[in-house]
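Biologist: I am new to this structure. Please take a close look at one part, the salt bridges, and walk me through them.

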Amino acid sequence: MILACHNLNKSFGERVIVRDGSFHIEDREKAAFVGINGAGKSTVLKMIVGEEPSDSGNIILTKGKTIGYLAQQQNLVSGNTIYEEVKTAREDIFALEDQIRSLEHEMKSLDGEILSAKLNTYHRLVSEFESKNGYACESEIIGVLKGLGFQECDFDKQTDTLSGGQKTRVSLGKLLLTKPDILLLDEPTNHLDLNSVSWLETYLLNYPGAVLVVSHDRFFLNRVVTKVIEIENGEIRMYSGNYKEYADKKKQLRDARMKEYLNQQREIRHQEAVIEKLRSFNREKSIKRAESREKMLEKMQVIDKPLDTTNGIHFSLEPSCTSGNDVLKIEHLTKSFGSQVLFRDVGFEIKRGEHVAIIGDNGTGKTTLLKIINAVEEADSGAITLGTKVHIGYYDQEHHVLHDNKSVFDEISDAYPDLNNTQIRSTLAAFQFTGDDVFKLIGDLSGGEKGRVSLAKLMLSEANFLILDEPTNHLDITSKEILEQALNDYSGTVLYVSHDRYFINQTASRILELVHKTFVNYIGNYDYYLEKRDSLTPIYAASSASVSALEVPAAQAAAGSKASWQEQKEAQARERKRKNDLKKTEEQIAALEGRNAEIDKLLTHEDIYSNSVKCQELTEEKEKNEAALEELYEQWAELAE
């Protein structure tokens with residue numbers, strides 16, 4: 001065991017964060033720390049590293065072990081470049097290398113015993129340098145930076161000029177390179193693209209130390225962790241397994257608890273009815289029996305009703321009208337910022353009812369594309385055509401559609417003046433704004449709170465074409481699941497950008513990957529994309545390493561993309577037909593086998609086997625069935641393959 005927390009208690013005024021909470025982390029164990037937003041996860045991590053005092057309880061780190069902590073917010077003001085900042089994580093190795101080089105230079109002018117002494121020191125330092133894998137140190141730093149999404153051209157950027165997300169990635173890189181015995185990571189995937197998250201998963205799976213991670217990325221947790229620590233209503237519980245196993249176990253426990261509660265409530269109501277009936281008889285014996293049952297009820301240990309701890313947003317999305325079948329058509333679209341080309345001469349179409357996810361690395365132009373469609377940015381060239389009766393609802397991850405100087409209430413009432421006070425308050429309550437919360441200024445809200453206001457406006461818009469930019473950012477897992485359900489029930493069309501692989505898998509019917517300045521189309525969810533990307537991307541996206549590939553005429557590239565889409569649609573149609581044929585074949589086989597079983601049973605009846613004509617008819621029928629079954633078995637084998 002590397003870390004143990006015993007009977008932790010922490011409150012802020014009347015708000016209880018944790019009450020008698022205990023958990024432990026074993027050596028090399030990878031554990032998740034989960035709970036809804038505001039449950040106290042970050043506070044507990046801060047208590048472990050000493051940034052926040054606990055009210056009582058013990059936090060024990062095994063003697064001699066080191067701990068590393070990544071907070072959600074970073075403030076890098078060192079004046080270093082990205083490479084210099086990350087390099088400080090291995091400054092002991094670079095200091096050792098400087099000593100070795102200094103000795104090499106010094107020994108050139110020495111001889112005798114002094115040289116011999118220096119040589120001994122030199123060999124000792126070289127041995128230490130090798131044991132710390134010093135020769136691979138620089139390549140390891142570069143590997144971590146590239147894994148976290150930085151290109152070599154970024155290495156010389158000053159950390160003071162970086163965005164909050166970039167600073168977090170730099171801090172994460174430093175932390176990983178220091179290799180503490182236990183890593184505490186608070187939302188490490190928040191600012192990573194899909195490739196970087198995948199790289200981090202592999203890194204942590206192979207990490208020689210222990211890891212305790214706070215994350216709302218279910219795909220990430222399912223792949224990395226083997227234990228889940230949950231904080232809920234101030235209580236801490238431990239579950240073995242990954243996130244899915246935890247969620248399944250938690251549901252089973254809650255269902256069992258609810259069943260136990262309902263059974264007891266039913267018994268209590270029954271006993272109370274019996275007591276009332278006995279008393280109504282107004283006889284001495286019946287009154288004594290009633291009193292006896294009352295005493296029994298008083299001694300009963302009442303089971304508390306399981307609380308609905310989701311506290312999540314709850315809403316549905318309903319379009320006010322149905323759009324035409326052609327919702328969006330993009331032709332020959334190009335966008336650059338200076339010399340940086342985001343995409344060149346791209347085109348695609350979106351039909352009514354499709355749920356399309358746009359994925360790609362950070363900086364490839366996904367958000368810019370959504371802004372162009374919403375007329376927030378201008379394209380360099382190309383055409384965007386909206387279909388008939390298309391009404392857009394736009395969710396902006398930067399929340400530029402909100403006004404910082406307005407209150408939450410005014411933001412809704414000004415956008416929808418036909419709503420009365422009760423309707424506005426009811427809407428905001430569905431998004432967790434109650435009481436005086438509705439009078440908070442937009443500018444004072446957290447990212448998650450702004451996201452909830454934007455979702456409320458989106459729901460009220462009654463749009464039939466939703467365009468969403470990172471809609472799950474700052475949402476906890478429960479709220480993500482509610483949003484997933486709302487989108488899956490939505491009858492309109494959806495186009496969104498997301499890095500949340502689980503969310504994409506649950507809600508997308510089609511994926512557009514923005515890679516090498518063009519789009520590769522996948523007709524399916526994220527699992528389908530993972531299955532096909534290695535074969536489709538090299539074919540339909542130009543390789544960045546090949547100059548000739550980048551020179552492919554735009555019309556040819558567009559035709560290739562269209563052909564790819566058509567081929568996939570045809571392949572999917574063939575697959576649906578195969579599955580239908582397979583199902584029909586299985587049903588026919590089952591029917592014939594069932595009939596043969598009936599015939600066998602009938603042939604045992606005396607009135608049948610004693611009747612030669614009837615017996616002959618059934619035998620011939622069975623022979624025909626057997627012949628048909630042989631053909632069906634062969635047909636089934638072909639379809640199954």
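**Salt bridges, pair by pair**

Modeller: Glu 140 forms a salt bridge with Arg 90, and their closest N and O atoms are 3.0 Å apart. The term means a side-chain nitrogen of Lys or Arg within 4 Å of a carboxyl oxygen of Asp or Glu. This pair links distant parts of the chain. Glu 140 sits in helix α5 (residues 137–147). Arg 90 is in the loop between α2 (82–87) and α3 (91–107), and the two residues are 50 residues apart. Helices here are DSSP runs of H or I with at least four residues, strands are runs of E with at least two, and both are numbered from the N terminus. Both Glu 140 and Arg 90 are buried. Buried means under 20% relative accessible area, exposed means over 50%, and partly exposed lies in between (1.4 Å probe, protein chains only).

A word on the source. This is a predicted model, in which local features need pLDDT of at least 70 and side-chain atom pairs count only at pLDDT 80 or more, while totals for chains, interfaces and linings use all residues. Residues are numbered from 1 along each chain as its sequence is written, and side-chain values use heavy atoms, with hydrogens and water left out.

Next comes a pair with another setting. Glu 106 and Lys 118 meet through their side chains in a salt bridge (3.3 Å, N to O). Glu 106 lies in helix α3 and Lys 118 in helix α4 (residues 112–131), so the pair ties together parts 12 residues apart in sequence. Glu 106 is partly exposed, at 31% relative accessible area. Lys 118 is partly exposed too, at 26%.

Now look at Glu 484 and Arg 218. Their side chains meet in a salt bridge at 2.4 Å, N to O. Distant parts of the chain are linked here: Glu 484 is in helix α15 (residues 477–489), Arg 218 is in helix α8 (residues 218–224), and they are 266 residues apart. Glu 484 is buried, with a relative accessible area of 5%. Arg 218 also counts as buried, at 1%.

Some salt bridges join up. Glu 230, Glu 232, Glu 235, Arg 237 and Lys 250 are linked in a network of them. In total, the structure holds 40 salt bridges.

Last, the setting. The protein has 21 helices and 18 strands. Buried residues make up 44% of its 641 residues. Its C-alpha trace spans about 115 × 85 × 65 Å along the principal axes.
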